[in-house]
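Here is a friendly note to read alongside the model.

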Amino acid sequence: MNILVVFAHPNYNQSVINRRFVEEIKKICVIDFHPLNEMYPDGRIDIHFEKNALLRADRVVFQFPLHWYNVSPILKNYMENVLNHGFAFGMNGDKLKGKEFLTAITVGGPKEAYQKSDANSFTMEDFIRPFEQTATLTGMNFRKTYAVYNALTLGRENNSSKLTQIAKEFINHITDPYLDPSMRRNVS
C-alpha cells in the first residue's frame with residue numbers, strides 16, 4: 001500500500017508530539033511524506049508535484065494540529081489548489097476515486113472537552129465532518145481518524161516512553177490495512 005502523509009504544522013519546531021510522529025514516519029521508507037510548511041515556506045505549492053503524489057498513493061493521510069477548529073492555512077491552500085475541479089471532483093474529476101483518506105490530528109485539550117455539552121460545544125466527529133465530505137466529493141473512502149488529545153500537556157511532560165507509545169499507535173493506525181472494512185471480511 002502506498003501511503004502519502006500530507007503534514008501541515010505552522011509551529012512544528014515547538015511541537016513535541018508531531019515531531020515524534022515525523023521521526024517515526026521517516027523510519028518507514030514506504031511512506032511518502034510531504035511536510036508542507038517545510039517544502040513550501042513561501043506558501044506556493046507545486047500543484048503538479050502534489051497531484052502526482054496523490055495519483056501514486058493508495059491512502060492519503062492529512063496530519064495536522066487542530067487549530068481554531070480547523071486546519072492550518074497551508075493545508076487549506078493545498079486543499080483549494082490541489083484538490084481542484086477537474087482533478088479531484090467535477091467533470092473528469094475522478095482521479096482520487098477509490099483511494100483511502102484519513103486524518104491524523106493532535107488536539108490541545110482533553111477528549112472530554114469535545115462534547116456537545118462542554119466548552120467546545122461540538123464533538124470531534126463534528127469537526128471531522130468536512131473531511132468526510134471531502135472524501136465523499138472526491139470519491140475517496142474515508143477511514144477512521146487518529147486523534148491525540150491533551151497534546152499540550154503531553155508535550156510539556158515530554159515523557160519519552162509515553163511519546164514512543166503514542167507515535168507507534170499513530171504509525172500502526174495510518175498503516176493498518178484493516179482500516180478498510182473489506183480487508184477484514186477477506187481475512188475472516
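This is a predicted model: local features need pLDDT of at least 70, side-chain atom pairs count only at pLDDT 80 or more; totals for chains, interfaces and linings use all residues.

1. Let's start with strand β4, residues 100–106. Seven of its seven residues are buried, so β4 is largely enclosed by the rest of the structure.

2. Now look at the two faces of that strand. In a regular strand, side chains alternate between the two faces of the sheet. In β4, one side carries E100, L102, A104 and T106, while F101, T103 and I105 lie on the other. Both of these faces are covered, with the residues on each side all buried.

3. Which strand pairs with β4 over seven bridges? That is β3 (residues 59–65), and the two run in the parallel sense. From β3, the chain passes through helix α4 (residues 73–82) to reach β4, making a right-handed β-α-β crossover.

4. Two further strands pair with β4. Strand β5 (residues 141–142) runs parallel to β4 and is joined to it by two bridges; here F101 has F142 as its bridge partner. Strand β6 (residues 146–148) pairs with β4 in the parallel sense over three bridges, and there I105 is partnered by A147.

5. Finally, visit helix α4, where P73 is found. Is P73 buried or exposed? Its relative accessibility is 64%, and exposed means over 50%, so P73 counts as exposed. Although P73 and G43 are 30 residues apart along the chain, their C-alpha atoms are separated by 8.8 Å.

How values were computed:
Residues are numbered from 1 along each chain as its sequence is written. Side-chain values use heavy atoms; hydrogens and water are left out. Buried means under 20% relative accessible area, exposed over 50%, partly exposed in between (1.4 Å probe, protein chains only). Helices (H or I, at least four residues) and strands (E, at least two) are DSSP runs, numbered from the N terminus. Two strands pair if DSSP finds at least two bridges between them. A crossover is right-handed if, with the strands pointing away from the viewer, the path from the first strand over the helix to the second runs clockwise.
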